[in-house]
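Trainee: Before we start, please show me the model. I would like to ask what lies behind the words used for it.

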Amino acid sequence: MQARTFQTWIAHHIAIRHRLERVCTSYLLFLMVMVKKHSLEEAARFSGLHKSQFCTMLQAHSAVAISTVERLAKKQAKQFATSLRALKGLPWQIALVMDSTLQGRSSLHPENAKKFNHGKGYVIGHQWTNIVLIVNDVLIPLRPIPYYSKAYCRTQAIAYQTEHERVVTYLNHLHLEDYIGSYDPHDVVVLADSGYDDKKIENAIADKQWNFIIPLGKTRHVKSETLFLTTPKSRAWCHIATFFRHHRRLKWTTMRCMTSGTKRKRMEFRIRHTLGYVRYVGKVQLVCSEPKKRPEGRRKYFACNDSKATARQIVLGYRLRWAIELFHKDVKMHLGFEDVATSSFDSVQSHVHWVYCASIL
């Protein structure tokens, strides 16, 4: 009886066509239930429906899953954005965090499966670039960006784009007004790891008058403000690591902060910063940060285009990016993100979007 009542509540929130209502609500309810594996056989056993109904729903109605994610995300964002407040005492009120995650598969035979170098060896599967919205300390997943391999693009007659190109296209078409209503663009900060240190992404963010905090790769070319004004634009650029070695006169400042886990511990960093220019991007604040204890190999270089933010606020703001890592862990451990065994990528896409719907609900 309680499951039936909860299923009715889900149906009211997702508001889809009546003929798909039962199978979609049953699948969402099943994803929310704690089970060892979210397979279609288990979904059929849980709901009393036939497995073929879920197969048909996933393969033929991926557009329904995509539109449902967008509708739920907009509804929840508007609910929490009625009264915006600062993000944990930082100068921004809205955060967009982006990061990619891999969805492992057992072989290369499924559509759009590819080998990805994950740092600790190759992983076979699909790559998803997730962009989440953080408003009033609430994380809301937006529609994810699938990565299409060259072979899949050829079979589907799709123009191939790299991951960075797809992110730029996504950002250009992202209208935050649809999610949170009217807002000041200067209240938005975009957070990403060094994998998204790309001039096109950074310029796309700046064109929207948003702020960004992105770690720079050690070989990214930068220039001091003085040299930028006194030398030709094509000269005097150097790697960010070399830049801070040449500017040892910049004083280190000790920064203390607390971890946000259950066992709260004090962390100490030392930071130094200056104004400078990133090649092909423009004027930014450059911050060098490292743990005060055991700094070897853990130094990071941040670029932030908000000239009013302090170095401490930039480092603390970047720590908000960890929320998307927790989101990835949650959907993989509890909502069956990787529990998909279909060969059609349309079915995989439907499954992923229903998982995000379950996360929002």
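This is a predicted model: local features need pLDDT of at least 70, side-chain atom pairs count only at pLDDT 80 or more; totals for chains, interfaces and linings use all residues.

Trainee: What do "contact", "nonpolar" and the helix names stand for?

Mentor: Contact means heavy atoms within 4.5 Å. Ala, Val, Leu, Ile, Met, Phe, Trp, Tyr, Cys and Pro count as nonpolar, Asp, Glu, Lys and Arg as charged, and the others, Gly among them, as polar. Helices (H or I, at least four residues) and strands (E, at least two) are DSSP runs, numbered from the N terminus.

Trainee: Why are H2 and H14 called roughly perpendicular?

Mentor: Helix H2 (residues 18-32) and helix H14 (residues 345-360) pack at about 70 degrees, and their axes are 9 Å apart. Such axes are lines fitted to C-alpha atoms, for helices over the stretch in contact, and the angles run from 0 to 180 degrees between N-to-C directions. Angles under 35 degrees count as roughly parallel, over 145 as roughly antiparallel, 65 to 115 as roughly perpendicular and the rest as oblique. H2 and H14 are therefore roughly perpendicular to each other.

Trainee: What is the hand of the crossing of H2 and H14?

Mentor: The crossing of H2 and H14 is right-handed. A crossing is left-handed if the near helix is turned anticlockwise from the far one by less than a right angle, and right-handed if clockwise.

Trainee: What makes H5 roughly parallel to H14?

Mentor: Helix H5 (residues 62-80) has an axis that comes within 8 Å of that of H14, and the two cross at roughly 20 degrees. That angle makes H5 roughly parallel to H14. The crossing of H5 and H14 is left-handed. Among the residues that meet are Val69, Leu72 and Ala73 in H5 and Trp354, Cys357 and Ile360 in H14. The contact of H5 with H14 divides into 10 nonpolar, 6 polar and 1 charged.

Trainee: Why is H3 called oblique to H4?

Mentor: Helix H3 (residues 40-47) and helix H4 (residues 51-60) pack at an angle of about 120 degrees, with their axes 8 Å apart. That value makes H3 oblique to H4. H3 passes H4 in a right-handed crossing. Leu40, Glu41, Ala43, Ala44 and Ser47 in H3 meet Lys51, Phe54, Cys55 and Leu58 in H4. The residues of this contact are 6 nonpolar, 1 polar and 2 charged.

Trainee: How do you know whether serine 289 is buried or exposed?

Mentor: Buried means under 20% relative accessible area, exposed over 50%, partly exposed in between (1.4 Å probe, protein chains only). Serine 289 has a relative accessible area of 5%, so serine 289 is buried. Serine 289 lies in strand E12 (residues 282-291). The neighbours that serine 289 touches include Phe269, Ile271, Arg299 and Val315, not counting residues up to four places away in sequence. The C-alpha atoms of serine 289 and valine 315 are separated by 7.7 Å, though the two are 26 residues apart along the chain.

Trainee: Why does arginine 321 count as buried?

Mentor: Arginine 321 has a relative accessible area of 10%, and therefore counts as buried. Arginine 321 is placed in the loop between helix H12 (311-319) and helix H13 (322-333). Arginine 321 touches Val97, Asp99, Leu191, Ala192 and Asp193, residues up to four places away in sequence being left out.

Trainee: Why is arginine 312 called partly exposed?

Mentor: Arginine 312 has 38% relative accessibility, so arginine 312 counts as partly exposed. The place of arginine 312 is in helix H12.

Methods. Residues are numbered from 1 along each chain as its sequence is written. Side-chain values use heavy atoms; hydrogens and water are left out.
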